Amino acid sequence: MSWPSFSFPMGAWFFAVLIPVIIMYFLKLKRPRVEISSLALWQAVINDQRVNSPFQRFRRNLLLLLQLILLILIILALMQPFLSAGPETAEYLPILIDCSASMSARGDTDDTTRLDLAKEKARALIENLRGQGRIALFSFDTTGRRLTEFTDDQSRLLRALDKIKPSHRPGSLDEVLRMADAYSRSAPIERVVVITDGNLKESVDFELPFELSLQPVAAGGVNVGITEMNARRSDRESWEVFVRVSGSVGEVGDAELTLTMDDRVVGREQVSVSPDEPTERLVFTVDTPNTALLQAKLTFPGSKDSLDIDNSVWLSLPQPRSLKVRTSPDLYSWQHAFNVLEGIELDAAESPQVPEYDLIVSDSMDLAGIDAPILVYVGLVPDEISDLVSVAETEPGEEPTEVVVWEATSPLLQHVKLRQVQIAEKARYVSGADEAKLEDRGYEVLVHGANGPLLLQKRQGLRTEYFFLFHTDRSTLPYRLAFPILVSNATQAALKQASLSEVSAIPTGVLPPIAVEPERSFTVSRPDGDIQTLQSTPSGMLSGISADVVGKYEIEDSGDLVATLGTGTLNSMETSLRSVDDFKFNDLSVEVEESELVEGDQRFWRILAFLAFAFLLIEWWYFQRDKSGAVA
């Protein structure tokens with residue numbers, strides 16, 4: 001048998017109120033002394049004395065009984081009694097609620113979203129919270145957010161729960177589980193509850209230090225959305241626009257995709273997605289010599305789509321311009337190769353003409369203050385690997401160096417044949433050095449010689465550097481067909497990096513850096529109406545623009561529009577609404593299954609308060625009524 005416990009046992013001190021109530025009924029009546037003419041009244045006096053005796057006064061005194069019961073019930077309710085659910089109940093319980101894009105999916109029969117169902121599950125857990133338990137709420141999509149500390153304040157937890165809204169980003173468990181793990185170091189967390197639709201990556205890079213309870217929500221209805229959108233320049237004033245439409249499992253009615261450019265319709269196609277053909281790729285031709293903002297939008301006449309946020313995608317087309325290329329004055333072979341290419345603005349002067357280029361080819365590490373996202377160094381060994389690689393000229397009569405193998409998948413070496421290229425320099429590893437040590441310092445070997453590397457690549461964010469450890473003029477490379485192809489590959493890479501030949505729609509998350517005026521303040525108007533203010537860097541880059549909502553983002557400088565960008569969900573997994581049933585962690589697998597609610601304590605102070613109110617009504621009715629039965 002489990003005896004009741006009290007959340008506020010100090011309330012028992014209020015039982016002292018019963019003492020003055022009882023004392024009031026011990027007081028004797030004080031009657032005046034009066035001479036009477038008959039002894040017939042003595043019987044009444046004796047009866048009064050009997051009533052004034054302490055224990056006789058309690059006989060048939062209904063008012064005192066009701067008052068005592070009323071006070072006892074009120075005090076017991078104040079002490080908040082409960083029946084304990086048992087020691088197995090979790091003391092600290094983190095609840096992680098999935099609010100990724102797929103949680104906005106609605107059901108087939110009503111407009112209830114997956115997130116609404118997840119909130120109902122979380123609400124049941126909160127309302128079932130035991131007296132000594134604590135709950136902390138977290139929400140997550142790509143990243144995790146802590147909504148509350150560990151608390152037993154149900155009203156605070158419910159307010160935080162009501163504020164959770166679905167995001168427009170894909171979901172991931174990794175970061176939010178690490179946040180929960182951080183709290184386990186200061187609180188005894190034995191179990192973590194994750195409420196999700198299961199539309200997450202199967203593999204989770206995390207070692208579970210606690211029990212994980214994955215509680216699923218019901219799947220949404222069928223869905224069709226845009227999962228890819230990009231454009232490739234066909235000539236100086238035309239673009240080929242590619243749009244990929246994908247669907248979820250189930251029969252989907254016909255949809256219509258409309259392509260608009262600056263709010264003007266430039267294309268319209270019917271889309272039909274079925275389980276047999278879950279994706280469809282559409283191609284549009286757009287003619288524009290200027291910058292333009294494209295929007296692809298899906299509509300569903302006569303059918304229902306369960307997820308709205310993946311039906312619109314924006315894509316910005318840049319204004320065409322020449323590619324800015326800088327070469328060192330003495331690199332004549334490179335200059336000649338660039339001069340035969342169209343759309344190239346070549347600078348080979350002694351001094352650079354502008355501070356920023358799209359591509360730089362240099363025979364010196366000193367760039368004189370200029371920069372570019374793609375740099376090609378010729379005949380140089382970076383100082384940070386000079387202890388690993390050495391280069392020297394071949395001795396007279398010595399066989400020239402030949403290429404042994406190269407990475408044909410590299411963007412710089414696609415379709416390039418280097419088999420018969422001869423080099424009058426030898427690059428070799430220093431004693432004890434090897435390719436693994438180069439990789440440890442961030443360098444990837446693209447071309448291997450007999451004794452060491454010949455071409456290296458290093459990536460640093462959006463910047464890519466290539467190092468020809470030999471000088472190309474001291475080789476037969478400029479006389480081979482491979483050389484103009486290599487130069488063309490470098491040009492294409494620079495065009496793509498500058499978004500001059502190919503652009504892709506931006507997924508939700510963070511907008512790419514934008515070239516603007518240096519050291520100025522810019523405002524970003526978001527699709528949800530919020531305003532973000534950012535400062536450009538001294539080099540004229542505006543970065544770190546949060547874009548977690550699908551729609552248009554307008555960048556302004558003192559009220560003047562500088563640029564307009566757009567985003568989309570562009571995630572095939574979110575559009576598919578597919579649910580994963582078995583998650584793979586580093587050390588084990590966890591299956592998604594319906595979990596029972598955390599057993600909570602049985603509180604009954606509300607019952608006691610209701611009974612006290614009932615006794616108050618009984619007392620009022622009984623003592624206020626007329627003897628005839630009518631209420632006074």
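Phenylalanine 138 has a relative accessibility of 0% and therefore counts as buried, a label for residues under 20% relative accessible area, with exposed meaning over 50% and partly exposed in between (1.4 Å probe, protein chains only). The model behind this value is predicted, so local features need pLDDT of at least 70 and side-chain atom pairs count only at pLDDT 80 or more, while totals for chains, interfaces and linings use all residues. Residues are numbered from 1 along each chain as its sequence is written, and side-chain values use heavy atoms, with hydrogens and water left out.

A look at the aromatic rings comes next. A pair of aromatic rings is described by the distance of the centres and the angle of the planes. Here, rings of Phe, Tyr and Trp (its six-membered ring) pair if their centres lie within 6.5 Å; planes under 30 degrees apart count as stacked, over 60 as edge-to-face and the rest as tilted. The structure holds 10 aromatic pairs. Helices (H or I, at least four residues) and strands (E, at least two) are DSSP runs, numbered from the N terminus. Phenylalanine 206 and phenylalanine 210 form a tilted pair, because their ring centres are 6.3 Å apart and their planes stand at 35°. Both phenylalanine 206 and phenylalanine 210 are buried.

An aromatic cluster is formed by Trp334, Phe338, Phe468, Phe470 and Phe483.

Helix α5 (residues 114-127) and helix α6 (residues 154-162) have axes 10 Å apart, at an angle of about 175°. Axes are lines fitted to C-alpha atoms, for helices over the stretch in contact, and angles run from 0 to 180 degrees between N-to-C directions. The angle makes α5 roughly antiparallel to α6, given that under 35 degrees counts as roughly parallel, over 145 as roughly antiparallel, 65 to 115 as roughly perpendicular and the rest as oblique. On the α5 side the contact (heavy atoms within 4.5 Å) is made by Lys119, Ala122, Arg123, Ile126 and Glu127, and on the α6 side by Gln154, Leu157, Leu158, Leu161 and Asp162.

Turning to the strands, an open sheet of 5 strands runs in the order β27-β35-β34-β30-β31, with mixed pairing. The edge strands β27 (506-507) and β31 (531-535) each have a single partner strand, so one side of each is left without a neighbour in the sheet. Two strands pair if DSSP finds at least two bridges between them; β30 (residues 521-525) and β34 (residues 551-557) do so over 3 bridges, in the antiparallel sense. Threonine 523 stands opposite glutamate 556 in β34.

Strand β34 also holds glycine 551, which counts as buried because its relative accessibility is 4%. Glycine 551 lies 5.5 Å from threonine 567, C-alpha to C-alpha, although 16 residues separate them in sequence.
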